[in-house]
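Morning, everyone. Please have the sequence and the model open on your screens. I'll talk you through a few spots.

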Amino acid sequence: MTAAADRPSNAPVRPPFAGWLGTTNDVTKTFLAAGRIPGLINMAGGLPAPETYPAEALAAIARRVIAEHPQDSLGYGPIEGLPELRDALAARLGGPDFRLGRDNILVTTSGMQGLDLLGKVLVDEGALIAAQAPTYLGALDAWRPRRPRYRALRVDQPDFDAVAGLTGARFGYAVPNFSNPTGRLVPMPVRRRLVEAALATGTWLVEDNPYGGLQFDGAALPRLIDIAAREAAVVAPGAAPSAAPSSAYDGPVIYMGTLSKEIAPGLRIGWMVAAPEMIAALTMAKQGSDLCTSGVTQRIALAAIEDGLVERLQPDLTALYRARRDALCAALAEHLGAWFTFEVPVGGMFVWVVARDPRIDTDRLLNAALDAGVCIAPSSVFDASGDDRSAFRINFTLNPPERLEEGVRRLAGAVRRLTDAS
Ligand SMILES: Cc1ncc(COP(=O)(O)O)c(C=O)c1O
């Protein structure tokens, strides 16, 4: 958008860019660009460890699926996704109390497309989104062109009122497992309250679950979609799993998943599970987005699921990330404990680090950190209003322990300079 400055002065005036482009903040641009600075320790992004990508297994699968399914792999496919993949996802994602049919599943070009499609089908200008606060930056980015209003769902507060939170919203949005950015779990009683409120108010409730498979300690909590199925008996009474795919689920929860964090983000394969009327609306929106998700990666995803690749990778992945979490948390306690507090997350990719001293401004800390050769994600980018400067998100999955420790040392130097100067 700076190109205009390079154009000759007698060039005709070009039409303006859409107004929403001016509404994103500089902090977001700064920290997204920072990942490419040589020598910088990037602790800002939600990036998997590249050495965990199963390159050889995927190369073998890719060769096989293109040879065996050239039309599916290389041609255009159905907008909703390849029927075999939708059926496999339906079988995999149903819960103890409900079954899913093909009509409940939309394959997406990863999780980000799902968020974009939700904005397209549910948000007119000025419409209200009730979003778990702090909110995943990518969701705010996906919905920004639609110019929504936001209501913060403060699910961590003891007096959180889910009915008041969802009433009047087009949808509620939550990342119940190892939230991005806080790494926290939404506790079981709050999950129940959210689902009950969605059922009582008729509001769609989006459950974004990219990190559910990355649990290091303890047992998994039920998903919102499981709770909805159980509590509201949204499944036809007596319905039994059948070999023939057909719809059963018709509840208010829209569940989203992705292969990005458990296999590889480059596949760009995600899915949405929802009532058939919602899947039909999302499909209309997807038609105008990309016609269909890549057939090659859909076929690879199907073969990977059938081969049990996710299950095979999971133990090593969680062991690696658990050790990195421990290394990061030890370094945070040692070098930053005087200025900040944090909780040790039991899964996911992030620690949310909160300033003890309200004079610490984490937007300013980002700039000081970049000067010191490390990048973190300040809380302002996870706040719909952009105002919150009290915390930052730090990632532990991308870097090995010694880099994590060095990154935290650099950060401590930046904090010292910032607090000494103020
Ligand atoms: C909460 C959340 N939702 C969705 C996504 C999108 O991931 P992808 O588009 O790679 O599936 C991410 C990625 O970091 C995320 O953290």
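Start at Ser110, which lies in helix H5, residues 110-122. Keep in mind that this is a predicted model. Ser110 is not a glycine, yet its phi is positive, about 70°. Why point that out? Because most residues other than glycine have a negative phi.

Is Ser110 buried or exposed? Count the neighbours. The cut-off for buried is 20 or more other C-beta atoms within 10 Å. Ser110 has 23 C-beta neighbours inside 10 Å, so it counts as buried.

Now the rest of H5. This helix is mostly covered, with ten of its 13 residues buried. Among them are Gly111, Leu115, Asp116 and Leu122. Next, a quick check on length. At 1.5 Å a residue, the 13 residues of H5 should span 18 Å. The C-alpha atoms at its ends are 19 Å apart, which agrees.

Move on to Phe178. It sits in the loop between S5 and H8. Phe178 has 25 other C-beta atoms within 10 Å, so it is buried.

What kind of peptide bond joins Asn180 and Pro181? A cis one, with omega about 25°.

There is another cis peptide bond, between Ala133 and Pro134. Its omega is about -5°. Pro134 is in the loop between strand S3 (128-132) and helix H6 (137-143). I mention these bonds because most peptide bonds are trans.

Last topic: the core. In soluble globular proteins, nonpolar side chains tend to be buried together. How many residues does the largest nonpolar core have here? The count is 117. Val353, Ile376 and Leu411 have the most contacts inside it. Which helix gives the most to this core? Helix H12, residues 309-336, with seven residues.

Zoom in on Val353. Leave out residues up to four places away in sequence. Val353 then touches Leu332, Leu336, Phe340, Phe342, Ala391, Phe392 and Ile394.

Conventions
Residues numbered from 1 in each chain as written. Predicted model: local features only at pLDDT ≥ 70, side-chain atom pairs only at ≥ 80, totals over all residues. Core = buried A, V, L, I, M, F, W, Y, C linked by C-beta atoms within 7 Å. Buried ≥ 20, exposed ≤ 12 C-beta atoms within 10 Å, placed from the backbone. Helix = DSSP H or I, 4+ residues; strand = E, 2+ residues; numbered from the N terminus. Contact = placed C-beta atoms within 7 Å. Expected span 1.5 Å × (residues − 1).
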